[in-house]
Amino acid sequence: MGSVVQSIDTVWILICTVLVLLMQAGFACFESGLVRAKNSINVAVKNVMDFCVAGVGFWLVGFGMMFGLSAGGYLGMTGFAFDGAPDGSPATAWLMAFFFFQLAFCSTSTTIVSGAVAERMSFRGYAITAAVLSMMIYPVFGHWAWGGVLSGEAQGWLEKLGFIDFAGSTVVHSIGGWMALAAVLVLGPRLGRFGPDGRRVEGHDMPVATLGMFLLWIGWFGFNGGSTLALNTSVPFILVHTMLGAAAGGLAVIGISWARHGVPEVQLALNGVLAGLVAVTANCHMVSTSSALLIGAGGGIVCYLASQLLEQLRIDDAVDAVPVHLAAGIWGTLAVALFGETSFFPNDHTRLEQFGVQLAGVAAAGVFAFTVAYAVLRIIDMFLPLRVSSDAERIGLNFAEHGASSALLDVLGAMEAQAARGDFSKPVPVEPFTEAGEMARRYNLVLDKFNSEVKRREQVANELRDARDVAEMANASKSQFLANMSHELRTPLNAIIGFSEVMNGELFGPIGNDRYKDYMVDIHRSSSHLLSLINDILDLSKIEADRYELYEEELDVTEVVASCERMMRHRAEEAGVALTVTIEQELPFLMADKRALRQILLNLVSNAVKFTPKGGSIRLETFMEPDHRMAFRVSDTGIGMAKKDIPIALEPFRQIGKDSNIYTTEGTGLGLPLTRALARMHGATLVIESEPGVGTVITIRMPQARVLPASRRLAG
């Protein structure tokens, strides 16, 4: 009867082992789906390789170090590279089944690292990492916690203390997590993961990652169920707790993600399920069903918090292996003392005493696994770099490490090459009957549209360039024409003005008729007005043709303003307008063109006289602003302008009367446009404030750089 029971137990262990090995497929799918397509093949092959390394390495030394006769509770010393006799005995069968089961556990712990270091660790470096974990770190700590499982008598020092880790929350998962943490710290983050332009790297195939999660979930029933090492009545109990712990972990993280981010994020949800599985692994045989739910949910929450912490610390774990396996593994191991039935505690421990033992096991795992892993990897990295080059990381490890490519990578490579060259004239190759080919086809449609739009825009740009050239030529011709005409008209006008002055002065005898004398006055006034118009046209045409030159000098502004007052005083009196001039005392000198400055002031005062009714007043002020700019202000009580008419007043040959559509002949229509142009040439600002029926205030502010220090005036 005993042999039958043992045979059933052996068959059960073998079935569970196959389920655990299914987890390798789960890890391969999960990790390759969560990385970018250019690294997916590399991640999958690393899962194959670490299983091979773990399998051979565990047989060579790992199994003996873990389950051989103990040296002081710290290391097994027998059973290395054992040979199983083909005698068909139950003892041999049980040894082989047990080794097979423990080999699957070792490979699971080893493959945890591959996801964390994905997209930047070389294939050679990962092979070394897998060997270090499976042949040194995992079996040594495994001996401390499980060394007596095969013999039935406690051998490891943690085991003798009463440390409980039923299926390996710490022995398998935390050990793998500590190794993963050490590896990512040695390697550093992926390019572009952190920094000013850093971003989270999105997985390329979430459905495959989801399939991987389900394969892991299914395999976990063998992981936990087989840890009984017998097909007994506790198996259904354990399997149900495994199921519920995973579900609770997933729900907890989905709830947190939904509440904090507004959406149930896929990767967080998948990791929540796995964290729930890790958490119940240490205690699923000794807690109540409701406690299993709480432990699983706690695992998901701890995983989420650990993931946020890693991101804040800028530690780049590609698939969140450390939060899932290390953080949730620690929580699950401590939960043994918090939620476990006290009757399962060895050595008659109280709950507090058991918590101390569990904490000691967690601490021992961290100190040993992390310290050894970090030191060994750092030393290896000094002589044999573990990280791939930046170029290899950019093009992807599929091609850089294995020479493997895909239709998708070819399309992406063609797109990147176009972007680097800036040449989008040729379409990318299309692989028919593939998703990548369909993407390439649609991309080519976009290229066609883009190229046609570029050609259209180039045509429009050429047309605009030609139109600009024509306009510039026309403007130059206009300016030249105006300048020539002005020169042609000024000579006879000056003669007319001179003759009218001679006749009006009766130098050659009296004019017999008073009406003729009035005509001479009109001729003189009209000719002067026309000459002023021609001078303004000439100046404006020079400015527009960029041929007007400023003759700058150090000006005593007081003298310039006084000369303007003398020129405009008589005209203001004729118009019946009061002109007041105020000049601030001790004004500094101003670096400016004297003729242009006088023209600016005359234009402003002349405009004010023209549009101020009889009995009104005009004020010309010169003063220093608080910011040390020199200002000239002309204010009047004239007819004013509406706000909408101010831009029209600044256009050449336009006048603003009471009706902005009326063109008046009382001036050149160039006063304000010319004033603004001359002010701009000095770097000055012109501000117009006006209100119909109230008046107008125009302020010219010269830049501070043109105002000379007061010492210059004193020296003058």
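Modeller: Before we start, a residue is called buried under 20% relative accessible area, exposed over 50% and partly exposed in between, using a 1.4 Å probe and protein chains only. This is a predicted model, where local features need pLDDT of at least 70, side-chain atom pairs count only at pLDDT 80 or more, and totals for chains, interfaces and linings use all residues. Residues are numbered from 1 along each chain as its sequence is written, and side-chain values use heavy atoms, with hydrogens and water left out.

Colleague: Thanks! Is Phe383 buried or exposed?

Modeller: Phe383 counts as exposed because its relative accessibility is 67%. Phe383 lies in helix H12, residues 351-383; helices here are DSSP runs (H or I, at least four residues), numbered from the N terminus.

Colleague: New topic: how many salt bridges does a search of the whole structure find?

Modeller: The search finds 16, a salt bridge being a side-chain nitrogen of Lys or Arg within 4 Å of a carboxyl oxygen of Asp or Glu. One of them joins Arg200 to Asp320, at 3.8 Å from N to O.

Colleague: Where do those two lie?

Modeller: Arg200 is in the loop between H6 (169-187) and H7 (206-225), and Asp320 is in the loop between H10 (289-312) and H11 (321-339), so the pair ties together parts 120 residues apart in sequence. Asp320 is buried, at 6% relative accessible area, while Arg200 is partly exposed at 32%.

Colleague: And which residue does Glu119 form a salt bridge with?

Modeller: Its partner is Arg36, with the closest N and O atoms 3.1 Å apart. Both Glu119 and Arg36 are buried.
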